[in-house]
Structure formats: structure tokens, C-alpha cells
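Hi,

Here is the structure I promised to pass on.

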Amino acid sequence: MGADGAPSQSVPWRKVLWERQPFPDNYVDQRFLEELRRNEGIRQYRYWAVVKEASLVGQQLSCVAIFITFWLYMEQGLLAPETLLWTSLVCGLLGYGLYQAFTSQTDSCSETRTHLADLQSAALFLSFTFGFSPVLKTLTESVSTDTVYAMSAVMLLAHLVSFPYGEPSPPGSLSLNAALFASVCLASRLPGALHTFAMLSCALLVFALWPCLLQRGTKTTSMDPGMRRRFVRTSATSYTKELCKVMLLLTKATSKEENVTRQSVLLMQMTNG
């Protein structure tokens with residue numbers, strides 16, 4: 001017998017259970033743990049990488065909280081719809097200028113949309129939203145308030161769950177549709193049609209346009225240091241140019257509308273005369 005109460009090593013010990021071996025039941029050989037693997041395939045995380053990924057979740061939670069806060073203020077009469085509309089307009093113009101500045105640095109070789117096309121898309125959306133605001137206002141009149149709040153909470157939760165957190169990108173169809181559905185449900189409980197229009201415009205800005213800007217900014221921060229320094233030097237100039245172009249287009253559109261209005265007034269005066 002050996003030192004562990006086992007027979008001499010002339011009969012090798014095998015790590016099997018279906019054979020009868022001349023060893024005690026509690027015998028443990030020195031090779032028993034040779035094939036043990038500990039922490040195999042473990043992934044090491046760096047602190048700031050985890051903070052960066054967690055910030056994506058935090059910023060989306062903040063977007064939902066900001067939207068709900070605006071809705072509560074408007075429902076209680078503490079926030080005028082005109083104030084929210086002007087704030088959304090200013091933030092939209094600033095974000096559009098930043099987006100174009102980022103695009104000119106990261107995708108300078110790719111084909112981009114013109115400013116006139118972007119302005120037409122925005123005007124089309126705002127026109128349809130403003131036109132259907134009275135309909136959306138009365139959309140959930142036959143539904144109880146508790147049901148509307150429950151549906152909104154479920155849809156906002158679905159938006160948070162289905163949002164692509166792995167990499168900042170524009171929200172998918174499920175995430176965006178859930179957020180807009182919750183926005184329509186909550187906006188239908190506001191006092192007037194203008195409140196509904198302002199709330200839906202704010203929802204589009206928070207849930208659809210902000211993730212696009214975040215994606216473009218993330219691409220910029222992933223540049224090498226040399227490209228990042230060049231971007232910092234030129235982004236302010238590009239941003240100012242893009243913002244001036246947008247303001248010029250808005251001014252031209254406004255002047256055209258004023259000219260049409262004046263011509264209509266003159267034509268009416270001539271007809272009456």
C-alpha cells in the first residue's frame with residue numbers, strides 16, 4: 001500500500017467510475033486536478049470602458065425623463081406650448097449644424113443630402129403633424145386615462161429595452177415606434193391641439209434626432225488624435241457655415257411667403273376696387 005492507503009503505483013489509477021480498481025473509494029491521486037480549468041474565457045473590463053457603455057443607458061433614461069417632465073409641465077399649465085416649440089426649434093437648428101459639421105469631417109467623400117432636401121423633409125413633417133394635431137388630440141377620448149398611462153409606460157419601457165445600446169446608432173423601428181406611440185398617447189391628454197403639436201415635435205427631437213447626432217459624434221471621437229485635432233480646429237467654422245446656410249434658407253422661404261401674401265392682398269384690393 002502507498003502513503004495514501006492505496007496499492008503501489010504498479011497499477012495506475014484512472015479517473016473512471018465504471019471500472020473496479022484496487023483503490024479506496026476516498027482515494028485521490030495527485031493528478032486528480034490536472035485537467036481543472038479556472039476562469040477560462042473570462043473577459044477583463046476596463047473601468048472607463050464600462051463607464052462609457054453605461055452612459056449610453058443613462059442618456060436614454062435621461063431622454064425619457066426629460067420628455068415626461070415636459071409633458072407634466074404642459075399638463076399642469078407650467079410650460080406654454082410656444083416656449084417648448086421655440087426651444088425645440090433652437091435645439092433642432094443647433095443639432096443640425098453639429099450633425100452637418102460632423103458629417104463634413106467623417107463622411108466627406110460620401111454623397112450627402114442637400115440642405116434644401118432636409119428643409120423640405122422637416123417642413124413636410126411639421127405640416128402634417130400640425131394638420132393632424134386636432135385629430136391626435138381626440139384620438140384617445142374614448143379610452144380611460146389609466147389605460148392611456150399604462151400603455152404609455154409599457155411603450156416607453158419597450159423603447160428602453162429595444163434601444164441599440166451596444167453601439168450608438170439611430171433607433172430601430174421597434175424602439176422608435178414604441179416611443180412615438182407613447183408620445184401620441186400622452187400628447188392626447190394635453191389641453192389643446194397646439195400642446196399636442198409641441199409635444200410630438202419634442203418627441204421626434206428627443207427620440208429620433210438625438211440618437212443620430214450621438215452616433216455621428218461617437219464616430220468623431222473614435223478618430224485618431226491627429227484627425228481629432230484637425231476636426232476641433234475646423235468644426236467651429238463648419239458649424240457656423242452650416243447654421244448660416246440653414247438660416248438663409250429659412251429667411252428666403254419666409255420672404256417668399258410674405259411676397260405671396262402681399263400679392264394676394266393687392267389682388268384682393270384690386271378686385272374689390
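This is a predicted model: local features need pLDDT of at least 70, side-chain atom pairs count only at pLDDT 80 or more; totals for chains, interfaces and linings use all residues.

The axes of α4 and helix α5 (residues 173-187) cross at roughly 155° and come within 8 Å. (Axes here are lines fitted to C-alpha atoms, for helices over the stretch in contact, and angles run from 0 to 180 degrees between N-to-C directions.) α4 and α5 are therefore roughly antiparallel to each other, the term for angles over 145 degrees. The crossing of α4 past α5 is left-handed, meaning that the near helix is turned anticlockwise from the far one by less than a right angle; clockwise would be right-handed.

Residues are numbered from 1 along each chain as its sequence is written, and side-chain values use heavy atoms, with hydrogens and water left out.

α4 (residues 145-162) also packs against α1, at an angle of about 155° and with the axes 10 Å apart. That makes α1 roughly antiparallel to α4, and their crossing is right-handed.

Overall, the protein chain has 7 helices and 0 strands; these are DSSP runs numbered from the N terminus, helices being H or I of at least four residues and strands E of at least two. Of its 273 residues, 30% count as buried, i.e. under 20% relative accessible area with a 1.4 Å probe and protein chains only, against over 50% for exposed and in between for partly exposed.

M74, in helix α1, counts as buried because its relative accessibility is 1%. M74 and H195 sit 121 residues apart in sequence, but 7.4 Å apart in space, C-alpha to C-alpha.

And what is on the surface? V28, F32, L33 and L36 form a nonpolar patch there, with about 380 Å² of accessible area together. (Patch residues have over 30% relative accessible area and no salt bridge; nonpolar side chains are joined within 5 Å, like charges within 9 Å. A salt bridge is a Lys or Arg side-chain nitrogen within 4 Å of an Asp or Glu carboxyl oxygen, and areas come from the Shrake-Rupley method with a 1.4 Å probe.) F32 lies in the segment before α1 (47-75) and is partly exposed, at 34% relative accessible area.

Cheers

Notes. Angles under 35 degrees count as roughly parallel, over 145 as roughly antiparallel, 65 to 115 as roughly perpendicular and the rest as oblique.
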